[in-house]
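Please walk through the protein below with the sequence beside the model, stopping at each place as the text reaches it.

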Amino acid sequence: MPQLSLSSLLTSLFYLLPLYLFVLAPILRQLFPPSPDSLRPSSAPFFQDDADLAIPPEDLDYPVLDPEILSLDDGVQVDCPPDAYRTHLLSRDPLIIYIEDFLSDAEADHLAELGHQNYTPSIVYDGTTQKIDPSRRLSDRALLSRDDRTVRCLEARAHAFQGWRPHLYIERMWAQRYNASGHYRHHYDWAGSAARGGDRLSTFMVYLGDDCVGGGTNFPRLKPPRDRAWCRFLECDDAEHSGHPHAPQGITFRPIKGNAIFWENLRPDGSGYPETWHAALPVTSGTKVGLNVWSWYQPPRRRE
């Protein structure tokens, strides 16, 4: 009886492998579907919307949350107007959604006026200390009081937009004012602190005032969308920017009063999306007023 040589055996396997991958394997998956447990990742995900429900409360350490930083539930109820915004999906991964009329004109004007008397120079954080550094960030900021009905309604709107996610907290809101030459160099909103317990899950960049030239929000690592319909909101390759040697890369959102950009900063495992690297480009003239709505995510942790 002739024996198969090694080369003949390898040749047979080479031809049988595609038959298994593209014919037999799909049939077997239909006949014997995997159980949901077999599809779960081997390590616990950062986001624990339901993963902690099987753990007794006494075995969990809940984070100590600072009301000076986070807008915590204090039982205050407000009557808010119905939502009237429209959304446009720019990217799925990372999730980036453009929101038209996230604020009404009256709401935008009110919030801009609310911060008017409280502006102080904006700070930057280098991982250990906070400082004023106009070369990196030149703007003024104002903390908005939670005693205001519009502030409370915007907190509720931002929370509802994200599906009332468990363990998600809206940070205290800061209005940002950029006068001529005002800018914020490229940076991340996430800190890479998920492994230590929590990090900024998402950002709303809301425009309260657009009486300015320049001042766009630039994402150099995002690819421009093909459809020219996006030119309603983006700086496109028109005569003003086409061929300019110093034109910013990626995409740049124009400041439009009442509109907002929403993006998620974190992957499912808690690491940050590098595509969310962004900047407030310099204001050439006039004044831009924005509002940061950040969401902090920090689930309870299993007690050691």
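The model is a predicted one, and its secondary structure comes to four helices and 18 strands. Of the 304 residues in the protein, 41% are buried. The protein exposes about 18000 Å², and carbon and sulfur atoms supply 55% of that area. When the contacts with a separation of 6 or more are considered, 80% of them are accounted for by residues 24 or more positions apart.

Among the helices, one pair can be followed in detail. Helix 3, which covers residues 105-114, packs against helix 4 at an angle of about 120 degrees, with the two axes 10 Å apart, and the crossing of helix 3 past helix 4 is left-handed. On the side of helix 3, the residues that take part are Glu107, His110, Leu111 and Leu114, and in helix 4 they meet Thr150, Val151, Leu154 and Arg157.

Under the rule that the sulfur atoms of two cysteines lie within 2.5 Å, the count comes to two. One of them joins Cys80 to Cys153, with an S to S distance of 2.2 Å. This pair links distant parts of the chain, for Cys80 sits in the loop between strand 1 (60-61) and strand 2 (86-92), while Cys153 belongs to helix 4 (residues 149-161), 73 residues apart. The two partners can also be described by their accessibility: Cys80 is partly exposed, with a relative accessible area of 29%, whereas Cys153 is buried at 4%. Because the torsion about the S-S bond of Cys80 and Cys153 is about -95 degrees, this disulfide is left-handed.

The disulfide between Cys231 and Cys236 has an S to S distance of 2.0 Å. Its S-S torsion is about -110 degrees, so the bond between Cys231 and Cys236 is left-handed. Cys236 has a relative accessibility of 18% and counts as buried, because the limit for that class is under 20%. With the bonded cysteines counted along the chain, the disulfides follow the pattern 1-2, 3-4. For Cys212, the relative accessibility is 18%, and this cysteine counts as buried.

Turning to the serines, where in the chain does Ser122 lie? Ser122 is placed in the loop between strand 4 (120-121) and strand 5 (124-125), and its relative accessibility is 1%, so this residue counts as buried. If its neighbours within four places in sequence are left aside, the residues in contact with Ser122 are Ile132, Arg137, Ser139, Asp140, Arg141 and Gln176. Two of these partners can be described further. Ile132 is ten residues from Ser122 along the chain, and their C-alpha atoms are separated by 6.5 Å, while the side chain of Ser139 is joined to that of Ser122 by a polar contact of 2.7 Å.

Ser193 is found in the loop between strand 11 (183-187) and strand 12 (199-214), and with a relative accessible area of 7% this serine is buried. Not counting residues up to four places away in sequence, Ser193 touches Gly198, Asp199 and Trp296.

The last stop is the backbone. Which form does the peptide bond from Asp93 to Pro94 take, cis or trans? That bond is cis, with omega near 5 degrees, and Pro94 lies in the loop between strand 2 and strand 3 (95-100).

Asp101 lies in the loop between strand 3 and helix 3, and its phi is near 55 degrees, a positive value in a residue other than glycine. The relative accessibility of Asp101 is 36%, so it counts as partly exposed. His167, which is not a glycine either, has a positive phi of about 65 degrees. The place of His167 is in the loop between helix 4 and strand 9 (168-170), where this histidine is buried, with a relative accessible area of 17%.

Terms used: Residues numbered from 1 in each chain as written. Predicted model: local features only at pLDDT ≥ 70, side-chain atom pairs only at ≥ 80, totals over all residues. Heavy atoms only, no water. Helix = DSSP H or I, 4+ residues; strand = E, 2+ residues; numbered from the N terminus. Buried < 20%, exposed > 50% of the residue type's maximum accessible area, 1.4 Å probe, protein only. Contact = heavy atoms within 4.5 Å. Polar contact = N/O pair within 3.5 Å; in protein donor to acceptor, adjacent residues only side chain to side chain. Areas by Shrake-Rupley, 256 points an atom, 1.4 Å probe, with all protein chains shown as cover. Axes fitted to C-alpha atoms, helices over the stretch in contact; angles between N-to-C directions. Left-handed = near helix turned anticlockwise from the far one by under 90°.
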